[in-house]
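Keep the 3D view open and follow along.

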Amino acid sequence: MLTRSTAIAARVTDGGAESTTVESILDTDFLSEGVVLAGREGLGRIVDRLTLIENPESIRFWIGAQDLVLTTGFALAQSTEPLSSFVSAAHSAGVAGIVIHFDEDITTIDDDTRAVADELELPLIAVSESFALDHVLARGVRDRAKQQVRAMYRSERLRKLLVARMVAGGGVAELASAAAAELDVAVLMTTSDGRRLATAGADEEEVRALCRSSALDATGRLKTDSTDGGLGLRTTDEGAIAVCAISANSIDHGRVAAFSRHRTLSTQDLHVVDAAAAVFALAVTRDLALSKIEEKHRANFLRDLLLGRGGEHPHAVAHAQRFGWNIGRPVVVVVIEPTPGVDATRQAPDRMPLVDRQMMAFSGALAQRDPHAAIAALGTETVIMMGAGPNTVNAIRDIIDSVRGDGGGGRQPFAVGISRPCTSVEDIPGIYGQARTALKVGRQIYGTWAVTTFDDLGVFRLLSLVENDDELTSFTKETLHELTEQTVEARDMRKTLEMLLATNINIAETARNLHFHYNTLRYRVVKLEKILGPFTERPDLRLDLSLALKIMAMRGIDHYM
């Protein structure tokens, strides 16, 4: 005959139809003198299994929904985080409750933790004596506890190995190779938006399988914002992958992924990869600290060049060579500026500033095409000075496409301005102004993602030089009259006028382009001339009308152009 506690255990471990709750377990002899300290409203939570937690800081790896978490005062005392954080993390994972065996390390819980548990309705239960691990209700707990201990030892061994490599001066590529050899997996390290920084693995076919897997997109970028390449464990079409974040100083620096096509990676593997990510974070922080001063010098010198303070041509060329830049050849200036305000509500406290993220993204893409180009984040914009040639504009567009990618670093919209080429350092300030003008006017005309060359601007270049906006507004209203209104009819008539001007008042061609009947267009011409004057007979008036339409387009009023 089964006792009550044995029957409950059978339902928990053997998948019986009747649900077991935290409250029903309290009614058994499994928990010695169990006392509910907080979260009493959650006693009805369903229990699916029991999980022993020896290291509270690794709780996210070992618990799941409907677990009854068993831990000790000794384990909680070792944690560097407050007990309330442990409770919040457990609730986020969907656990049924937390049972704490109090001892000389922790004899009670603080008021803040009680308040958190009450608010979350997560039961906190105290027991005076440890539960019986040989009890039928604790089936499987020993094995899961051993897994945690094994993972802790593997993580510590890998951590010591990687720290030794890092102290010896090893970079991220060497650390990735060491981790791959120790774990017998392929390792991929990326930026926070998935761009590859290092790939390693003793088995080249395994590395190739990782690169082919659905966790990466067609450009080789880890899909950090999708299920396939997101944080955690999963199985891809090519094998199993474990992904962890590389975070230092509360800043998200990237991802480290372990991949195997021979075995299914486990929670233990994820725990070990997380330890590797912690050392990668130290290496990234070290490299950032070492490069910070040099980056400052690079940015200051590039700013001097753009402002005409770089010195004479030979001196400036020689100085730029110290940074690996070649400005003694024909160059163009490219200016990238994020849309103002778009990142204000999305900027997370653990992310780098948007301009810095975009500069890093462009730097990686640029290095593959022009390793001797200059690049720096200057205030609200990223500036590139790269070699000029017959296919420069196409190369820049390829770089932009690479940065935008599929869920990559170009998720935040930005506009781009491209200058004409120059061959002398003394001309760099002038072409920087061209790139700034192209960016500003191009964004007004073509919208958020505009990529505009200075030569594309045409008459817009001249209009952009008029600083008096009121004068432009007055000219537009005096020329177009009620066609400046933002009504459906006014926009439609402006479109008709634009096409007439483009065809040099060819009625038949305009009718075909607009899909109008010939007589319908004749009627519209008569109506337009009543509003605007006899523009079909006066070339000077047609010029004024064309300029007025371009002013409206430049200000973003009309986007059909």
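**Starting from one arginine**

The side chain of Arg 45 reaches the backbone oxygen of Glu 121 at 3.1 Å. That counts as a polar contact, meaning a pair of N or O atoms within 3.5 Å; within protein, one must be able to donate a hydrogen and the other to accept it, and residues adjacent in sequence count only if both atoms are side-chain atoms. Before going on, note that this is a predicted model: local features need pLDDT of at least 70, side-chain atom pairs count only at pLDDT 80 or more, and totals for chains, interfaces and linings use all residues. Residues are numbered from 1 along each chain as its sequence is written, and side-chain values use heavy atoms, with hydrogens and water left out.

Back to the arginine. Which side chain makes a polar contact with the side chain of Arg 45? It is that of His 91, at 3.2 Å. Arg 45 itself sits in the loop between strand 1 (35-38) and strand 2 (49-52); helices (H or I, at least four residues) and strands (E, at least two) are DSSP runs, numbered from the N terminus. Leaving aside residues up to four places away in sequence, Arg 45 touches several others, among them Thr 20, Val 95, Leu 120 and Pro 123, where contact means heavy atoms within 4.5 Å. Ala 96 is on the contact list too: Arg 45 and Ala 96 are 51 residues apart in sequence, yet 5.3 Å apart in space, C-alpha to C-alpha.

Now zoom out. The chain has 20 helices and 15 strands, and buried residues make up 48% of its 561 residues. Buried means under 20% relative accessible area, exposed over 50%, and partly exposed in between (1.4 Å probe, protein chains only). Among contacts between residues at least 6 apart in sequence, 65% join residues at least 24 apart.

Next, find the open sheet of five strands in the order 7-6-10-9-8, with antiparallel pairing. Two strands pair if DSSP finds at least two bridges between them. At the edges are strand 7 (196-200) and strand 8 (232-235), each pairing on one side only. Strand 8 is joined to strand 9 (residues 240-248) by four bridges, and there Leu 233 stands opposite Ala 242. Helix 10 (residues 267-306) packs on this sheet, touching strand 6, strand 8, strand 9 and strand 10 (251-260), and its direction makes about 35° with that of strand 9. For angles like this one, axes are lines fitted to C-alpha atoms, for helices over the stretch in contact, and angles run from 0 to 180 degrees between N-to-C directions.

Which residues touch the most other members of the largest nonpolar core? Among its 54 residues, they are Ile 98, Leu 162, Ile 246, Val 256 and Phe 280. A nonpolar core is a set of buried Ala, Val, Leu, Ile, Met, Phe, Trp, Tyr and Cys residues joined through side-chain atoms within 4.5 Å. Helix 10 gives the most to this core, with ten residues. Another core, of 27 residues, lies apart from it and includes Val 317, Trp 325, Ala 376 and Cys 422.

Look closely at strand 11 (residues 331-338): eight of its eight residues are buried, so it is largely enclosed by the rest of the structure. Val 331, Val 333, Val 335 and Glu 337 point one way, while Val 332, Val 334, Ile 336 and Pro 338 point the other. Strand 11 runs antiparallel to strand 13 (residues 381-387), with six bridges joining the two; Ile 336 has Thr 382 as its bridge partner there. With strand 14 (residues 414-418), strand 11 pairs in the antiparallel sense over five bridges, and Val 335 stands opposite Gly 417.
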